[in-house]
Amino acid sequence: MSKLVVRVKRSLFEPGWKELVLEPGTYLLGRSPDAHILLPDRLVSRRHAKISFHEGRWYLQDLGSRNGTYVKGEDIRSKGPIPIPNEGLEILVGTTVLELKPLSDEESGGARK
């Protein structure tokens, strides 16, 4: 499970993408033009959250955003990096709902980039 799919489930703003497949690494999510995962949502901070792959697992961490990152209704701003389970995770950033889902090795072959 080395790749991660980031899918826009719902958004009030058009991000310009619907699905991304990430290779292991570290990715900035936010409104900044420097963000790897750019969300033009006015309630998303410039440097809102970080998605990273470490020791065989994907993690999500809020970077002190103004409006928080929510997982199952819970604000994770003070939680540090949280693991993304194999079955995936829905998150709310600003008004945007994203699905984060690690891909199995079999699924990785057919995913779009």
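Here's a quick tour of the sheets and the nonpolar core in this structure.

It's a predicted model, so keep the ground rules in mind: local features need pLDDT of at least 70, side-chain atom pairs count only at pLDDT 80 or more, and totals for chains, interfaces and linings use all residues. Residues are numbered from 1 along each chain as its sequence is written, and side-chain values use heavy atoms, with hydrogens and water left out.

- Strand E3 (residues 26–30) runs parallel to E4, joined by two bridges, and Leu29 sits opposite Ile37 in E4.

**The six-strand sheet**
- Here the order is E2-E1-E11-E10-E7-E8, an open sheet with antiparallel pairing.
- Strand E2 (19–22) and strand E8 (74–75) are the edge strands, each with a single partner, so one side of each is left without a neighbour in the sheet.
- Six bridges link E1 and E11 in the antiparallel sense, with Val6 opposite Leu100 in E11.

**The nonpolar core**
- The largest nonpolar core holds 23 residues, and Val6, Ile51, Leu60 and Leu98 have the most contacts inside it.
- Elements giving two or more residues to this core are strand E1 (4–10), E3, strand E5 (49–54), strand E6 (57–62), strand E10 (89–93) and strand E11 (96–102).
- A nonpolar core means buried Ala, Val, Leu, Ile, Met, Phe, Trp, Tyr and Cys residues joined through side-chain atoms within 4.5 Å, where buried is under 20% relative accessible area (1.4 Å probe, protein chains only).

Key
Pairing = 2+ DSSP bridges. Helix = DSSP H or I, 4+ residues; strand = E, 2+ residues; numbered from the N terminus. Buried < 20%, exposed > 50% of the residue type's maximum accessible area, 1.4 Å probe, protein only.
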